[in-house]
Amino acid sequence: MKKVVLLSGGNPQIAKADGDAPVQAYIAAMPGWKRDVGKRLDALIVLTAPDVRKAVKWNSPLYGIEGQGWFLSFHVFTRYVKVSFFRGTSLRPVPPGPSKVKDTRYLDIHEGELDEAQLAAWVKQAAALPGWTP
């Protein structure tokens, strides 16, 4: 298997592709403690939204519902994993990180900070909303 290149901040460079395999390749290449966060995020999303579809685009895993668009992605940065909720302003409570994109909100997960119960609540809400379509 070819070694995955880590881009700025440790973000894995994974070729654009649909399905679980590229998402798992991205997670496997996440450095250090961030890999465990990626595994837990992926498992939580699949458990909370069993009909989820997956892809890697723009060097980030995306999660969506067929016919509804994408509801979430995440991306590795040097000190945290950033979760993007594309319709985040519609979630309750609203995720804390503001965005320049009107409806998007972010959650930055630092080492040891993953609140799985809150994340599951947001995923459940986000998966039920019309998603983002690029």
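Let me start with a question: is Arg87 buried, partly exposed or exposed? Arg87 has a relative accessibility of 28%, so this residue counts as partly exposed. The term buried stands for under 20% relative accessible area, exposed for over 50%, and partly exposed for what lies in between, with a 1.4 Å probe and protein chains only.

A word on the source. This is a predicted model, in which local features need pLDDT of at least 70 and side-chain atom pairs count only at pLDDT 80 or more, while totals for chains, interfaces and linings use all residues. Residues are numbered from 1 along each chain as its sequence is written, and side-chain values use heavy atoms, with hydrogens and water left out.

I turn now to the helices. Helices (H or I, at least four residues) and strands (E, at least two) are DSSP runs, numbered from the N terminus. Axes here are lines fitted to C-alpha atoms, for helices over the stretch in contact, and angles run from 0 to 180 degrees between N-to-C directions.

Contact means heavy atoms within 4.5 Å. Nonpolar covers Ala, Val, Leu, Ile, Met, Phe, Trp, Tyr, Cys and Pro; charged covers Asp, Glu, Lys and Arg; the others, Gly among them, are polar.

Which residues of helix 1 are buried? They are Pro22, Val23, Tyr26, Ile27 and Ala29. These residues pack against helix 2 and against strand 1 (17-18), strand 2 (52-57), strand 3 (60-65) and strand 4 (69-76).

Helix 2 also packs with helix 3 (residues 116-128), at an angle of about 50 degrees and with the axes 9 Å apart. Helix 2 and helix 3 are therefore oblique to each other. Arg40, Leu41, Leu44, Ile45 and Thr48 of helix 2 meet Glu116, Leu119, Ala120, Val123 and Lys124 of helix 3. This contact has six nonpolar, one polar and three charged residues.

Finally, the salt bridges. A salt bridge is a side-chain nitrogen of Lys or Arg within 4 Å of a carboxyl oxygen of Asp or Glu. By this rule the count is eight.

One of them joins Lys57 to Asp18, with the closest N and O atoms 3.8 Å apart. Lys57 lies in strand 2 and Asp18 in strand 1, so the pair ties together parts that are 39 residues apart in sequence. Lys57 is buried, at 14% relative accessibility, whereas Asp18 is exposed, at 54%.

In another, Lys82 and Asp108 have their closest N and O atoms 2.9 Å apart. This pair links strand 5 (residues 81-85) with strand 6 (residues 105-109), the two residues being 26 residues apart. Lys82 is buried at 15%, and Asp108 is partly exposed at 29%.

Arg87, from my opening question, meets Asp103 in a salt bridge of 3.5 Å, N to O. Both residues lie in the loop between strand 5 and strand 6, 16 residues apart. Lastly, Asp20, Asp42 and Lys54 are linked in a network of salt bridges.

Note on methods. Angles under 35 degrees count as roughly parallel, over 145 as roughly antiparallel, 65 to 115 as roughly perpendicular and the rest as oblique.
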